[in-house]
Amino acid sequence: MSDNTKLIDVILPQLAESLVSATIGKWLKQPGDQVDQYEPICDLITDKVNAELPSTVEGTLVELLAEEGQTINVGEVIARIAVAVAAPAAPTVPAAPSAGAGQVNSAPQVTAAARPPLPAAGGSADAPMRSRYSPAVQTLAAEHGINLAAVPGTGMGGRITRKDVLTFMESGGAAAVHASNGAASAAGHQAQVAAQQPVLQAVHTEVQEAREPVRHSGLHLSESPRIPTIEVEGGRGSSSEFLIDVTPIRNTIATRMRQSVSEIPHAWTMIEVDVTNLVVLRNKLKDEFKRKEGINLTYLAFMMKAVVSAIKDYPIMNSVWAVDKIIVKRDINITLAVGTEDSVMTPVIKKADQKNIAGLAREIDELAQKTRDGKLRLEDMQGGTFTVNNTGSFGSILSYPIINYPQAAILTFESIVKKPVVINDMIAVRSMANICLSLDHRILDGVICGRFLQRVKDNLESYTPDTKLY
């Protein structure tokens with residue numbers, strides 16, 4: 001280490017109030033790599049969600065003190081970065097092309113924009129991390145309405161850094177202002193946009209080719225799941241047993257499920273609901289809603305609205321056990337159990353009682369999309385007070401769900417099935433569905449849960465063709 005640099009310890013931060021440790025999923029930078037401020041250096045796996053750890057300084061990564069797969073406690077040092085103590089702009093000099101080295105001191109922003117990027121928007125071989133954006137980059141782009149597909153990436157593997165977005169804003173912002181002054185400027189702006197079209201088209205083509213076929217069997221199976229790595233014990237064909245590595249996510253799920261079952265005395269109840277009117281209502285509105293909102297109108301949005309309304313009438317359902325007291329939550333934050341064959345995520349719709357059916361549908365679609373894209377943030381997974389699970393999306397008609405610790409209950413919405421039903425001593429074919437409730441028997445009893453389920457049933461059966469979404 002030279003005299004004009006110093007080592008900065010990278011410490012595992014307190015990601016959330018209840019988290020005391022995290023597992024290193026993958027190092028995104030290696031010793032010797034240049035690191036920009038806010039650029040992710042590793043993936044962290046917690047008991048709630050995967051997150052990226054951004055660097056708080058700009059410099060060179062010199063040492064890794066934790067291995068991939070290792071669990072680290074909050075406050076421990078996981079890496080060291082060498083930073084310059086002389087000029088703030090010094091760390092950017094090595095990253096600039098040799099031909100443009102003389103321009104760095106005079107016009108650093110222009111030089112950064114002029115650097116040849118790692119294949120700007122295409123070439124998956126040279127830019128494998130092009131489509132991975134850190135939370136800082138996503139937030140900055142969203143605030144300023146920037147299309148990240150058009151931003152040249154100078155980070156590792158073509159990754160877009162926060163500095164790349166700031167540089168793009170400065171160079172593109174001036175052009176946008178100049179374009180509004182007259183027809184000649186407008187023509188120049190159109191030419192700039194036209195010049196970007198091949199780049200954007202290349203990105204679109206690359207993404208389409210790389211994307212796996214999407215599954216459409218409901219919220220839970222909306223993506224093709226990854227197949228776990230399997231090793232044959234004792235060599236191929238020598239044994240009938242297989243070994244499957246337990247991933248950090250699977251280990252976290254196992255820990256949480258064991259904690260829920262061992263600490264919470266589960267009880268279970270079920271009720272059958274006639275959702276014929278709901279089916280008619282959804283079929284009537286789904287096409288118009290798709291054209292207007294651009295998303296699918298699912299049964300889950302109606303179900304969630306019915307549950308939220310019932311929780312308002314029975315707020316004890318929205319509580320947690322605290323040994324010497326029961327804590328009833330004022331905000332109704334609905335947790336969704338979104339999973340594939342190898343993992344389950346639990347994103348949260350905050351203050352669901354303040355949203356109409358259309359608003360809930362938008363939230364459900366957004367969270368499902370984030371889950372598919374692996375972009376759930378830690379805050380997306382926190383604060384849930386009651387869990388709703390759509391097990392009917394994969395054909396289930398009856399299930400016994402495990403409570404999402406430390407909540408008091410979890411409700412599942414099963415498949416809608418046409419059945420012969422006796423109504424006024426006459427047989428009619430109706431669309432029927434089961435709703436199943438697991439409850440914490442320390443907090444809730446059969447009477448209160450029976451009334452709660454009956455209220456959910458009444459709310460679902462009260463939908464008519466005239467029910468409004470907004």
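Which residue in strand 5 is the bridge partner of Leu 44? In this predicted model, the partner is Ala 51.

Strand 5 pairs with strand 4, which spans residues 40-45, in the antiparallel sense, and 5 bridges join the two.

The chain as a whole may now be considered. Its secondary structure comprises 9 helices and 21 strands. The protein chain has 470 residues, of which 40% count as buried. Among contacts between residues at least 6 apart in sequence, 63% join residues at least 24 apart.

The largest has 60 residues, and Phe 386, Leu 437 and Phe 452 touch the most other members. Helix 7 (residues 299-313) supplies the largest share of this core, with 10 residues. A second, separate core holds 17 residues, among them Trp 27, Cys 42, Ala 66 and Ala 79. To return to Phe 386: with its neighbours within four places in sequence left aside, its contacts include Val 307, Ile 311, Leu 411, Leu 437 and Phe 452.

The whole structure contains 3 aromatic pairs. In one of them, the ring centres of Trp 268 and Tyr 400 are 6.2 Å apart and the planes stand at 65°; because an angle over 60 degrees counts as edge-to-face, the pair is classed that way. This pair links distant parts of the chain, for Trp 268 lies in strand 11 (residues 266-274) and Tyr 400 in the loop between strand 18 (386-389) and strand 19 (409-413), 132 residues apart. Trp 268 has a relative accessibility of 37% and therefore counts as partly exposed.

Charged side chains also meet aromatic faces. Arg 282 lies over the face of Tyr 299, at 4.5 Å from the ring centre. Lys 292 takes up a position over the face of Tyr 470, at 4.3 Å from the centre of that ring.

Key:
Residues are numbered from 1 along each chain as its sequence is written. This is a predicted model: local features need pLDDT of at least 70, side-chain atom pairs count only at pLDDT 80 or more; totals for chains, interfaces and linings use all residues. Side-chain values use heavy atoms; hydrogens and water are left out. Rings of Phe, Tyr and Trp (its six-membered ring) pair if their centres lie within 6.5 Å; planes under 30 degrees apart count as stacked, over 60 as edge-to-face and the rest as tilted. Helices (H or I, at least four residues) and strands (E, at least two) are DSSP runs, numbered from the N terminus. Buried means under 20% relative accessible area, exposed over 50%, partly exposed in between (1.4 Å probe, protein chains only). A charge sits over a ring if NZ of Lys or CZ of Arg is within 6 Å of the ring centre and within 35 degrees of the ring normal. A nonpolar core is a set of buried Ala, Val, Leu, Ile, Met, Phe, Trp, Tyr and Cys residues joined through side-chain atoms within 4.5 Å. Contact means heavy atoms within 4.5 Å. Two strands pair if DSSP finds at least two bridges between them.
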